[in-house]
Amino acid sequence: MTEDLIFSPFTIKDYRLRNRLGVAPMTRMSSPGDSIPRQDVLEFLVRRALNGAALVYTEAIVTDYESAQGYPGQSRLVTQRQIEAWRPVVQAIREAGAVSIIQIFHCGRISWPEINPAGRTIAPSSLIPRDPNPLTGRPYPVPDEMSQFDIEHVILGFVETARGAVAAGFDGVEIHGAHGYLISEFLSAYSNQRTDAYGGSVANRYRFLQEIIGAVAPVIPPDRLLTVRLSDWGVVDMDVSLFGTKAEYQEIIRRLSAEPIDAISVSTYDFRQKAFDTDENMAQVTRQATHLPIMICGKIYDRTTAAEALQDADIALSAKSMLLNPNWVEDVRQGKPLPLYKSAEADIAYTESPLP
């Protein structure tokens, strides 16, 4: 039954996934120029589709040429040249029998001015993370608190990137609202201390994401997917619960479930970990508040963990195992003993070494 569950089909909207395993989105710094990933990075996605992954996410793509970028060498999808670079990749993924989703995001305060064309960092509030920037070793700069103009400008960046994704042929678009980046910063009282319509209550802190979904959904054709990713942790200040309580998290999930989206992707450190001082994991807490399909990731590395994760979620996403083992899907099928990779082993994603 374990193998039957993992390798049984699953349907999201009009897309029939051949199994329940997917390539998780990862933040990378792989563009040597023109905001286009290196060829080996693009080929990596196609290889994972050829080797059995049912769902293939891109690396996280930043949404504008002003303030969205948080790391050197990130990619965008808003010019014709970028669209043309992605088209054959998307087509090859489709021909290999997999579904492609582009993840789009704005880094917000997880950035520094020197890497943004506008030379500034923006956030819902002028607050910096407690932890230093892991790439520079220095404190993050105090961001500009976003004005209404900034908010509207950022939303347009999400729309234009979604248009680029549609033009490139992607099967779906994911709005990245996790990991302490800009959307997550608005959602969390930890980073959002605004007193206007975008701060205070859960409804107000949700407003920014709601407006992004409302602007992006109309440019996504009815036969394509629109998903949203959330997490209760950030890439800095990793010990902080961004939602704080189960009730607040589930209120966000219920609000999301009323939007024109097709699935919710939940990112965890460890899918087994208990959430919000309960005896339930994040997938279980999410399932209680939504009718939508749920994707889960976090220490899913072999057949046993994939099967266990799928008891509470519909799709199991893997990052490090998919990144480091080209044959991971087949190895899971065969029940081979597989390692739980450490984060340091995945640093190849941030170097110039060709991906396996």
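Me: Let's start with helix 2. What should the twelve residues of helix 2 span at 1.5 Å a residue, and how far apart are its end C-alpha atoms?
Reply: Helix 2 covers residues 39-50, and at 1.5 Å a residue its twelve residues should span 16 Å. The end C-alpha atoms are 16 Å apart, so the two values agree. Keep in mind that this is a predicted model.

Me: Thanks! Which residues of helix 2 are buried?
Reply: The buried ones are D40, V41, L42, F44, L45, V46, R48 and A49.

Me: Which residue with a positive phi follows helix 2?
Reply: That is G52, with phi near 115°.

Me: Let's zoom out. How many helices and strands does the chain have?
Reply: There are eleven helices and twelve strands in the chain. With a radius of gyration of 19 Å, close to the 21 Å from the globule rule for 356 residues, the chain is as compact as a globular protein of that length.

Me: What box do the C-alpha atoms fill?
Reply: Along the principal axes, the box is roughly 55 × 45 × 40 Å.

Me: What share of the residues is buried?
Reply: Of the 356 residues in the chain, 60% are buried.

Me: And what about contacts between residues 24 or more positions apart?
Reply: Those account for 71% of the chain's contacts with a separation of 6 or more.

Me: New topic: where does L340 lie?
Reply: You'll find L340 in the segment after helix 11 (328-334). Its relative accessibility is 42%, so L340 counts as partly exposed.

Me: Leaving aside neighbours within four places in sequence, which residues is L340 in contact with?
Reply: L340 is in contact with K299 and Y301. For V173, 167 residues from L340 along the chain, the C-alpha atoms of the pair are separated by 29 Å.

Me: You mentioned K299. Where is K299 found?
Reply: K299 sits in the loop between strand 11 (294-297) and helix 9 (303-309). With a relative accessible area of 43%, K299 is partly exposed. Phi of K299 is near 60°, which is positive in a residue other than glycine.

Me: What is phi for D277?
Reply: D277 has a positive phi of about 60°, although D277 is not a glycine. This residue is in the loop between strand 10 (263-267) and helix 8 (282-287).

Me: Is D277 buried or exposed?
Reply: D277 is exposed, because its relative accessibility is 84% and the cut-off for exposed is over 50%.

Me: Last one: where is P337?
Reply: P337 is in the segment after helix 11. At 81% relative accessibility, P337 counts as exposed.

Me: How far apart are P337 and D302 in space?
Reply: Their C-alpha atoms are 7.2 Å apart, while in sequence P337 and D302 are 35 residues apart.

Definitions and conventions. Residues are numbered from 1 along each chain as its sequence is written. This is a predicted model: local features need pLDDT of at least 70, side-chain atom pairs count only at pLDDT 80 or more; totals for chains, interfaces and linings use all residues. Side-chain values use heavy atoms; hydrogens and water are left out. Helices (H or I, at least four residues) and strands (E, at least two) are DSSP runs, numbered from the N terminus. The radius of gyration is taken over C-alpha atoms; the globule rule is 2.2 Å times the number of residues to the power 0.38. Buried means under 20% relative accessible area, exposed over 50%, partly exposed in between (1.4 Å probe, protein chains only). Contact means heavy atoms within 4.5 Å. The expected span of a helix is 1.5 Å times one less than its number of residues.
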